[in-house]
Amino acid sequence: MRALVWHGANDIRCDTVPDPEIEHPRDAIVKVTTCAICGSDLHLHDNFMPGMEKGDIVGHEFMGEVMEVGAEAKSALKVGERVVVPFTIWCGECDQCRRGNYSVCERSNRNKALADKMFGHTTAGLFGYTHLTGGYAGGQAEYVRVPMADRTHIKIPSGLTDEQVLFLGDIFPTGWQAAAQCDIQPTDTVAIWGCGPVGQMTIRSAILLGAKQVIAIDCVPERLAMAKAGGAITIDFEEESVVERLNELTGGKGPEKCIDAVGMEAHATATIDSMMDRAKQALMLESDRAHVLREMIYVCRPAGTLSIPGVYGGLVDKMPFGMAMNKGLTWRMGQTHVNRWTDDLLNRIQEGQIDPSFVITHTVPLDQGPEMYKTFRDKRDGCIKVVLKP
């Protein structure tokens, strides 16, 4: 089969690789009909995430048709069924899964010892996302093996297109969780840094959850236009002061809820801390650029909440933690517990409350994936979200 394969920094290729096979009775084989490039895939492309190995198949946002089902998964899945596959692999049996904390499943990471050493305790296995999270083959491919498939799936009813439901596997529930964990009240101002795909879903989730006003911060015109179309007030951080504008919009009090939909590769360049981050990253003195986190701590209203769906991979420096402590800020973060949210979100799609396909700007064949990684990273051609067709 054909698949997108990691060969090193800035080197993803469309290669011919062996077809996947059933390896465990709980497995299923899915023929991928649609997949996508996620912003966190760029961290792999740019070689900022530890644990990648040459030959790894990438991609964690995909869906398709069930082609083969292991003996222990047949009670949950049938050949021919249409499924979205969440990026988090979960067993459904451990303490964390029973609590709905699927992204920290205690059993699905087959490299548990490595994750225990890195994180203190293992997190869940993830598709196409480093050997720290299990080294599982990803879904930017013609076929994929789904472990623990009796749990790790979202069944899709007829009448919905791939494009409407594909993002149930990652960016839609990620944006929803980012907003939901803020406990948004009708009087709240929610500020969201980053208007990429996750940021766009977060904007619409915050509005659906009843925020008084949603403010979106970015510098890319196409992203800001999409955010505004979704109901957000926009701030172009290259044209105006984020701090001054947020104070103006909140009567000098700051937003109650601040959401980092950017993560470890913040692109602010004109501030002292961002320049220090870039220099330290180049010298391998820190791994993540945390300008957005620092700015959120500074602008957030005392007793407010910081929500962090943006991916961080390692160490950050110069974090004003004393400021956060003295302001009494609540931090909520983590990989998404995808299946905690998907029943509700699928219903919202069916009822017409939201059509997540609005975020798609490019649809191309799988073999054009390597070039589209660069287009997406460099924000060329108005690119916001890339969908691939194997």
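Is Ser158 buried or exposed? Ser158 is exposed, with a relative accessibility of 72%. This is a predicted model.

Ser158 belongs to the loop between strand S10 (154–155) and helix H4 (162–165). In sequence, 77 residues separate Ser158 from Glu81. In space, their C-alpha atoms are 9.9 Å apart.

Arg26 also sits in a loop, the one between strand S2 (12–16) and strand S3 (28–37). Arg26 is buried, at a relative accessible area of 9%. Leaving out residues up to four places away in sequence, Arg26 touches Glu72, Ala73, Cys91 and Glu93 among others. Its contacts also include Val146, Pro147, Met148, Ala149, Asp150 and Arg151.

**Domains**

At the interface, 30 residues of domain 1 are in contact with 23 residues of domain 2. Domain 1 and domain 2 bury about 2,500 Å² between them. Of that area, 73% is on carbon and sulfur atoms.

**Cysteines**

How many disulfides does the model contain? The count is zero. A disulfide is a covalent bond between the sulfur atoms of two cysteines. The cut-off applied here is 2.5 Å between cysteine sulfur atoms.

| Cysteine | Closest cysteine sulfur | Sulfur to sulfur distance |
|---|---|---|
| Cys195 | Cys219 | 9.6 Å |
| Cys258 | Cys300 | 3.9 Å |

Cys195 is buried, at 0% relative accessibility. Cys258 is buried too, at 0%.

**Aromatic rings**

A pair of aromatic rings is described by the distance of the centres and the angle of the planes. The model has three aromatic pairs. One of them joins Phe62 and Phe127 in an edge-to-face arrangement. Their ring centres are 5.2 Å apart, with 90° between the planes. This pair links distant parts of the chain, 65 residues apart. Phe62 is in strand S5 (residues 62–69). Phe127 is in the loop between strand S8 (125–126) and strand S9 (143–146). Phe62 is buried, with a relative accessible area of 0%. Phe127 is likewise buried, at 0% relative accessibility.

A charged side chain also meets a ring. Arg110 lies over the face of Tyr136, at 4.2 Å from the ring centre.

**Backbone phi angles**

Which phi value does Thr130 adopt? Phi of Thr130 is near 70°, a positive value in a residue other than glycine. Thr130 is found in the loop between S8 and S9, where Phe127 is also placed. Thr130 is buried, with a relative accessible area of 5%.

Lys318 has a positive phi as well, near 55°, and is not a glycine. Lys318 lies in the loop between strand S15 (305–308) and helix H11 (321–327).

How values were computed: Residues are numbered from 1 along each chain as its sequence is written. This is a predicted model: local features need pLDDT of at least 70, side-chain atom pairs count only at pLDDT 80 or more; totals for chains, interfaces and linings use all residues. Side-chain values use heavy atoms; hydrogens and water are left out. Buried means under 20% relative accessible area, exposed over 50%, partly exposed in between (1.4 Å probe, protein chains only). Rings of Phe, Tyr and Trp (its six-membered ring) pair if their centres lie within 6.5 Å; planes under 30 degrees apart count as stacked, over 60 as edge-to-face and the rest as tilted. Helices (H or I, at least four residues) and strands (E, at least two) are DSSP runs, numbered from the N terminus. A charge sits over a ring if NZ of Lys or CZ of Arg is within 6 Å of the ring centre and within 35 degrees of the ring normal. Contact means heavy atoms within 4.5 Å. Buried area is the accessible area (1.4 Å probe) that two parts lose on being put together, summed over both.
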